[in-house]
Amino acid sequence: MLAKLFDHLVEGVVLLDKATLELSYMNKKACEILGRTAEEVKGLHCYDFVSNKGMPCQGCAFSQTGFCNTIEFDDNYQSDDGRIYEVNTEIIKLNGREYRAFYLVDITESVEIRKRQQDSLSLYMKALEASGIPYWEYDIQTHNCVFSKALIRLTGATGFSGMVPEELDKDRSYSRNDRKKVRALYERIFEGEDYVEDVCEITLNGIHKFVALKLTVIYDADGSRSKAVGVLEDISEKKAIAEGFYMASMQNDITFMSYDVKNDCFERYTYDTDKGYKNVRKEKITLNSLLRTIHPDDRKLIAEALGNAYKGVREQEIVVRIKTNDFAPYGFYEAKITTEYDELGNASKLFISRRDVTEESKKSKFYQSQLAYLEAFRKKSLFYAQVAIEKDNVFNVKSRYTRFKKDIEGHTLEHFVSSMCKYISEEDRNDFIFTFSIEKILSSYEVGVNKFDIALPFMLTDKRTIYARFELYLLKNPVSREIEGYITVHDETEERLAFETARTIAVLDYDSAGIINTCTGSVRVLHSSSNNTAVGIEKEESDYMDNLTKLIHNMPIKNQNTVVERFSLDTVIKNIKENGKYQDTMEIIYPDKVTHYLQISYIMVENFENRILMGVRDVSDIFVEERKKREILKQALQEAKAGENAKMDFLSRMSHDLRTPLNGILGMAQIALDESNEEEIKDYQRKIISSGQMLLSLVNDILDISQSEEKKLILHPESYAMADFEESLNIIIGEQCKSKGVTYDVNIKDIEGKYFEVDKLRFGQIFLNLLSNACKYTPEGGKVSFGAKITEADAHYTHITFTVKDTGIGMTEEFIEHAFDAFSQAHTSTIDTRLGSGLGLAIVKQLVDLFKGRIEIKSKKNEGTSVFVYLRLKNAEAVIKGDEVKEEKPSEVLAGKRALVVEDQPLNAKILIKLLKNRDMIVDFAEDGKKAVYTYLESKEGMYDVILMDVRMPVMDGISATRVIRSHKERADYNLPIIATTANAYIEDKENCINAGMNDHIAKPINAKELYRVLSEYLH
């Protein structure tokens, strides 16, 4: 029964009795495999012949049933003849007994196949490693991943999560979409595909790449899918070629083709614009149809290009002649060929772009013609240079002047501009720099401008300045595609001179004109509208002075001695430098004996420092008419001067006549004040002095306004101590405020102890007028304040803000607008309108303007006024005067000194003598200048220490008397101090006194303190 069941099987079958472990049955195939017959093994235990151990297996020994649960066969059983059998086992029941059945299956062939596969895989992996291709092995069962050395080098890490599907989300080298691509590849492998691939973008070592990712399944010896081998292929370059090709195919002016080497097929990409947009479509063509469009002489170039591609030439460029259709002429086309290679280095695909360069060929011819033109132009230029615009480099400099070449060869355009600026005037440099700014040139070139030029004076040598034109011409090289610049500089002096002359003649209407070269002294006539060309000057270039000498013979004898001096080149140049032009009239007697007057004008030619334009115009008619007018004007001028002199004489007399009685009033009041012991009488005397000083201020205002109208106010600055300034204000203003019951407050600490260079009289007059006005228009019980604050200072000047404030009647806004007008006053019912003349603020404004300062008024009606004076004063050093004169007792400096007082007014003489005797001086008297001279000459030498001299006197004035005294140089005391004591108070009067020989000037009314100070200065 068992034989019927198992003998027909091709597998070997062995049955063991489960209970006894004795062999019960072997089929024929099993007997062949094991090399025993059924009879030989019948009744043997399994361990006697199967495992050949002679004893039970360990499983039997420890089994409670004593039965071997696992027969200790190897995984496979190999028979004596070398064949390999796979052993499988199961428990079966036959005739009520249990048997263990062993099945022996011949797997020799499949093992051989798997072995060969394993050997092939091993060789494949070794080849991969040796090839340098980046790959990895992914174990499908364990999920482990092993990297090749090439992959490690590519990724920069020993472990790369991007290759392991379980860790893919951790990797940021892939984009989100590309991570999905990689995961999809693994899922396809897991679903049973043996080979998958896709293209991804990946960032490796900071470099963005396109890679082809390929996965292949590897089976183990038993046929299980054990591993997936992955390979990365960098296709960035191929993709760039392809993408660049297809992107470029969208451009209208280029036609594209590709050539598939393996399939030997061309594809042409043409355009479909029927729908209003560009669309690329493929069109397959044969090589023959392609070659038919090529000029026969150029077809060999195509064959050579294909051969070069096969030899490994990646990039090629050729120019061939092509017909676009049967009726069109051949055009020039530039073909660029890029070759793509496969992994084995064989050419796989050619990308060909074709561009029409027919117009460029024409441009090339134009370019060559322009170069020829520039080359011809270069030979006439002062110097020439080329510029590589995009590289910003100046080269190929040609010039007769070595210094230009050294300055600019091999440098940038900016350096060229900077070097040229050394020979260009400052006023022209900005225009020159702007014209040749590299940024301006490039931006202008982009909008079609290719020529840049400027003409200006250029210092060619130390002695020669020319008018030069700089030109920069840009050309695009059709071969290199680079922008080339060509600089030329040429001399336009003569052309410019002719232009400037013509323009000047047109404007000034000269009869004749010529150009004088101041460097050579030559002259050349450029224009003449009469037979007498430029006053007889020859048309050809000749010597200017030679021509001038020839003219002397055509002049009246009376003029011949001066003509050379008046019209010499030195005189002309000097006057042009001082005044910008020179003009004189020349009297000429022509051969027809008619006298003509020629007006000759000289001006510098614009932009030429060494060229003078000489213009000649016949002004005979005008000259005669002008001479008549000049006579009339001369007479009128004399009459006007006579009237002015009369006016000034009147003002001078008024000043003298007003100051003389004022001197008596103030002088006697001061003497009375000094000698009085009663306080009430002293108060009266102070009020007399205050009123007199106000009257004196009014006299000064009247005289100053007269002088300002005649523009005769002139400042005479000298060092002035601010301490003296404050004291003079306090004496006058303090007394005025006190007598009116107004508080006077001074705060000028900022300038205390400082000295400034100012006109003492005019400076003091500004603030005396302002403070007098403030006191005048402030009711009793009010307040007047004066302040000074330094706002800015340096080593030379100090900026000061002076402030005069009062709590008086104030001004309306309407009045403030006219406050500085002469004779303008604010009227109020509470203030006597007769208190002022209305000249004070007008004088102040004129004086502040004279000091180049500024004045500002702020005021409110019935609240008060603030006046701000802003002055910039020059710093000065202290001036050391003589010993200070003390008023309390006779000065030791003046005591015993002898003075001669010269005065025609008895009262003034009495006052002056009294003031001197109060200082214990010895005084003699003379009533006029003649008497003073006689007294001086009759005295012993050195008898007098000082003479106090009035100016306006009968018989002989003080000016004449002083000159006579100074003329007697035989006397040792001819230069003794003579001091003017006069009512002539103008600056001009003081200057006249000093010029006559006097040492100093004291204006009447005489201030005792000033008198003593001046005397002490000269007698100490």
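Rings of Phe, Tyr and Trp (its six-membered ring) pair if their centres lie within 6.5 Å; planes under 30 degrees apart count as stacked, over 60 as edge-to-face and the rest as tilted. The model is predicted, so local features need pLDDT of at least 70 and side-chain atom pairs pLDDT 80 or more, while totals for chains, interfaces and linings use all residues. Residues are numbered from 1 along each chain as its sequence is written, and side-chain values use heavy atoms, without hydrogens and water.

**Exercise 1.** Find which residues ring pairs link into a cluster with Phe786, and classify its pairs with Phe725 and Phe802.

*Solution.* Start with the cluster: ring pairs link Tyr720, Phe725, Phe763, Phe767, Phe786, Phe802 and Phe851. Next, take Phe725 and Phe786: their centres are 6.2 Å apart with 75° between the planes, hence edge-to-face. Phe725 belongs to helix α23 (residues 722–740) and Phe786 to strand β31 (residues 783–793), so this pair ties together parts 61 residues apart in sequence; helices (H or I, at least four residues) and strands (E, at least two) are DSSP runs, numbered from the N terminus. Then turn to Phe786 and Phe802, which are stacked, at 6.3 Å centre to centre and 5° between the planes. Phe802 lies in strand β32 (residues 797–806), so here the parts joined are 16 residues apart in sequence.

**Exercise 2.** Decide whether Phe786 and Phe802 are buried or exposed.

*Solution.* Recall the cut-offs: buried is under 20% relative accessible area, exposed over 50%, partly exposed in between (1.4 Å probe, protein chains only). Phe786 has 2% relative accessibility, so it is buried. Phe802, with 1%, is buried too.
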